[in-house]
Amino acid sequence: MPENKTPRSNNFDGWLDAYADRAHTLSVSEVRALFAVVSRPEVVSLAGGMPYVQALPKELLAQAYEGMMAKKGNLAIQYGGGQGDADLREQLRDIMAMEGIHASPDDVVVTTGSQHALDLVAGLFLDKGDVVLAEGPSYVGAIGIFRHYEAHIEHVYTDDNGISPEALQEAIDNMKAQGRRIKFLYLVPNFANPSGVTLAKDRRPKIIEICQREHILILEDNPYGLLYFDKPVPDALRSMDDNVIYLGSFSKILAPGFRVGYVLAPPALRDKIVLAQESALLCPSMFSQMMISEYLEVADWRKQVDTFRGVYRERKDAALSAVREYLPNVKTTTPDGGFYLWLTLPKGIDSKAMLPVAVKELVAYTPGTAFFGDGTGHDYLRVCYSFPTPENIKVGIKRLATVINHQTELLETFSK
Amino acid sequence: MISKGKAKNKLKIQILAGGISHERDISLKSGRRVADALLEVGAEVVIREPDDKLLSNIKKDKPDVIWPCLHGASGEDGALRDILSLTGVPFVGATASAARLAWDKSIAKIIVANNGIQTPASITLPKDTFRELDADGVLKAVTSVINFPLVVKPARSGSALGITVVNKADELSRAMIDAYVYCDVAIIEKFVKGTELAISVVDLGKGPLALPAVEIEPVSGRYGYQERYIAGETNYFVPARLTQAVANRAAEVAVNAHETLGLRHLSRIDVIVDSKGTVWFLEANVVPGLTETSLLPQAVLAEGSNLGEVYYSLAEAAYRQR
């Protein structure tokens, strides 16, 4: 029998009373733990937004590496400037021009993925309680950052044509009536993550007009714009207003392992972003930047993007066809590019609660709750079709249908 | 992944961790922690996934002992243990048949209750019952006998997943659905307010012994998934803030439950002590968590023992039973 010694309290974190308030905004959930299962080959993962990097010939990268080391080897392994490599910034001008943006390389800052650009901008603007307007649903990685800066995320009604201008005005009026300070509107206008929808061409000037009138900054995040299936996306919002902050990325059109993104910002803000970046990490990886610069120089990267488009188009078709076959009563968006389908589940089904069963059935997805900062989204789930083969997508959605049908049956049982 | 210790004449231990369940991440952490502790005392350790190479890896590694650190059904429902028995390699923890009984909370409750251990009043209902009968009528009948507040839980699941405390009737249907997400059988149990304790039982070859009880005081008031695995979310008191008499009773209940269920080597018995000092059995865990915030390692350390030595002794106990 153990002798009852003096009890000692332990919470495994001796610094709990010392953390900044914002540290308490970081949390994990059982959903995150479930993603550990996704690495098992038996599981068809329709969860993480991973590009199909297998479609990128590795000899193109080998060629870029050889070229980079021959020309700039010592620079590539050295510290660099906080704004990013000048040659790469010149090349970015051409990429952005494909979406109607005419920018000076001097206004571009290269970052460690566009995720870091998002964090830098959020850090410059957000005080506790400030409002960020965002699509409903919105990108989970952005929600995490806004939460971390203790902002209030106000979702704006979004339909198959993207964010609604009328709903945006209504949300602004509502926030102003509450005396709240709106800092910016965050948008993924092309093949949005998670909804897959694209902001309609005719809505773009309306959104800009509203934000100009209300003096609200627009943060345009565009990692998927070049990955259209049939026709190019409408011109970027940034092409219509030089005050829009524009985020771009190589994660989807090349490979996320390089962790290279960029931000185009008005000069005053650009300076602050550079200072913030230097303060946080001195400079983005020169090695990654120079690899990409050389790749853009020597490889037919436009053809490679076209290859990616073909891969994702085939997978989108497989996913849509499987949803129509196995889940005829489930509403889905029909993307014209990008990685995602957004499914609306039968009323009462909780996609977060259902995930463990799905994993048991060897299929994973991302619950809708991940894409809302206000605790809603249970009725939705995101299917990412970019990584599994078309055959596996079909298998995964068939398994998903089994799980949804099981849940529907449960709900019917308890609602009789 | 293979890591080798240095000491000669020490056991070679194959740790199984991972698996396909919602507790995979916890299992991987538990496995890594057990491996680290065993390496500290010089054991040779191999960590393996329980995948399609399970049997060939056992043949290749030729372990003296296998330690299944698999939480959730794959590690606790007895199936894997039956397979391990076929290999002839001794393994740490309950036999397949004992694991099966303990894994199903409804069956474990019946067995311990038959041996005089108190467990909260409950009813166990398969999902099909509700499909065949009038669901609303069944729930009303249940709540006319077992009063609110209630706890609804899957009969077979871990890490508090699918568990809901229900305070009023209109919350019950949703709680049932949430429990059936994890298992086709759910338990509706009377909620007992009191001090929540986890009592680890270890048997190093001289009979089962209760380690100091760990008292659980979640900051949020509910010991859910996050509270279990995130540092800072729960305050633990070791030993529990109990009188010696109550602590002794709780330890007796734990050892009694461990023996009644036919468990071996190690287990964790979860109980609640109410305001009158009555100890209520809730469940037995045949594969207790062994992560850095888990309850069994806390109890071992509170007793003044060395984790590596205790784990190695458990492996030796399993090896002697080959």
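I take contact to mean heavy atoms within 4.5 Å. The model is predicted, and I kept local features at pLDDT of at least 70 and side-chain atom pairs at pLDDT 80 or more, while totals for chains, interfaces and linings use all residues. Residues are numbered from 1 along each chain as its sequence is written, chains are lettered from A and ligands numbered from 1 in the order in which they are written, and side-chain values use heavy atoms, with hydrogens and water left out.

**Entry 1: Gly261(A)**

I looked up Gly261(A) and found that, neighbours within four places in sequence aside, Gly261(A) contacts Val109(A), Val110(A), Thr111(A), Thr112(A), Gly113(A), Ser114(A), Gly248(A) and Ser249(A). The residue belongs to strand 10 (residues 261-264) of chain A; strands are DSSP runs of E with at least two residues, helices are runs of H or I with at least four, and both are numbered from the N terminus.

**Entry 2: nonpolar cores**

A nonpolar core is here a set of buried Ala, Val, Leu, Ile, Met, Phe, Trp, Tyr and Cys residues joined through side-chain atoms within 4.5 Å. The largest has 135 residues, of which Phe146(A), Phe250(A), Tyr295(A), Leu400(A) and Met176(B) touch the most other members. Helix 10 (residues 301-326) of chain A gives the most to this core, namely 11 residues. Apart from this core I found another of 37 residues, including Ala37(B), Leu290(B), Leu296(B) and Tyr312(B).

I then listed the contacts of Tyr295(A) beyond four places in sequence: Leu56(A), Leu60(A), Leu61(A), Ala64(A), Leu254(A), Trp301(A) and Gln304(A).

**Entry 3: helix 2 and helix 4 of chain B**

Axes are lines fitted to C-alpha atoms, for helices over the stretch in contact, with angles from 0 to 180 degrees between N-to-C directions. The axes of helix 2 (residues 54-61) and helix 4 (residues 79-87) of chain B come within 11 Å and cross at roughly 40°. The pair is therefore oblique, given that under 35 degrees counts as roughly parallel, over 145 as roughly antiparallel, 65 to 115 as roughly perpendicular and the rest as oblique. Leu54(B), Leu55(B) and Ile58(B) of helix 2 meet Leu80(B), Ile83(B), Leu84(B) and Thr87(B) of helix 4.

Notes. Buried < 20%, exposed > 50% of the residue type's maximum accessible area, 1.4 Å probe, protein only.
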